[in-house]
Amino acid sequence: MLKSYFLLFALLFCIPTCWADGLTKEQAENLELAGVKLGITESELVELLKNQYHLSENDFTVSEQQMALPPTKIDGKSITTCTIKIYEVVLNTNHPEETLTIQLKDDITHNPPQKMVVYSIYHTMPYTVESAQKVYKELTEKYGKEETTNFFGIKVWRYNAYHLGLSPKTEGKFYVSIRSNGL
């Protein structure tokens, strides 16, 4: 039964974004959102938030959680855990609904992990037709036309484990996200 759900999930959500790459390797390796690049360390992130947005450490919230990584063998138990930190940042106090959510995780490309790096960034903004068109125009000028639109209506640009997404309007907001499953 679980295998059936997994297969259905793969068919509905993963396969539509797997046909072609929409980003070049160079674009993927240089993805940034609101000045934050994938792969930067936690100390680099804090320094960027302080310098670029003139924030103090009291201006953003940080939460932490442990996540079990998938087992290396089928039907095995996961014995490896990964720490995830989530930074919630209000970019403009006059517009508190415009936020950045930045996720960091242990850099598991090294054993043992040596530092935490940014692997996911969400920039949430209030939705207006004009703002959505402006963001879409900026993305297409920088990265070209999106590769596909997935089941949820998210426009997707992709290169290997790198993903860039632009959401449709949801509850008066929309977001741009970038992430890498390879960091």
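Thr128 lies in the loop between β6 and α4 (129-143); helices (H or I, at least four residues) and strands (E, at least two) are DSSP runs, numbered from the N terminus. The model is a predicted one, in which local features need pLDDT of at least 70 and side-chain atom pairs count only at pLDDT 80 or more, while totals for chains, interfaces and linings use all residues. Residues are numbered from 1 along each chain as its sequence is written, and side-chain values use heavy atoms, with hydrogens and water left out.

The C-alpha atoms of Thr128 and Lys173 are 8.2 Å apart, although 45 residues separate the two along the chain.

| Residue | Relative accessible area | Class |
|---|---|---|
| Thr99 | 17% | buried |
| Thr128 | 35% | partly exposed |

Thr99 belongs to strand β5 (residues 99-106). Leaving aside neighbours within four places in sequence, Thr99 is in contact (heavy atoms within 4.5 Å) with Val89, Val90, Tyr122, His123 and Thr124.

Strand β5 is part of an open sheet of 8 strands, whose order is β3-β4-β5-β6-β10-β9-β8-β7 with antiparallel pairing. The edges are formed by β3 (60-68) and β7 (148-149), each of which pairs on one side only. Two strands pair if DSSP finds at least two bridges between them; between β5 and β6 (residues 116-126) there are 8 bridges, in the antiparallel sense. Within this pair, Asp106 stands opposite Met116 in β6. Helix α3 (residues 42-53) packs on the sheet and touches β3, β4 (81-90), β5 and β6, and its direction makes about 5° with that of β4. Such axes are lines fitted to C-alpha atoms, for helices over the stretch in contact, and angles run from 0 to 180 degrees between N-to-C directions.

The second largest pocket holds about 370 Å³ of space. A pocket is an open set of points on a 1 Å grid over the protein atoms alone, where a 1.4 Å probe fits, with protein on both sides within 12 Å along at least five of seven lines; lining residues have an atom within 4 Å of a point. The volume is the space filled by probe spheres set on the points, which are joined across faces, edges and corners. This pocket is lined by 18 residues, and Leu33, Ala34, His123, Val135 and Glu138 are the closest to its centre. At least two lining residues come from each of β1 (32-33), β6, α4 and β10 (173-180), and α4 gives the most, with 7 residues.

Terms used
Buried means under 20% relative accessible area, exposed over 50%, partly exposed in between (1.4 Å probe, protein chains only).
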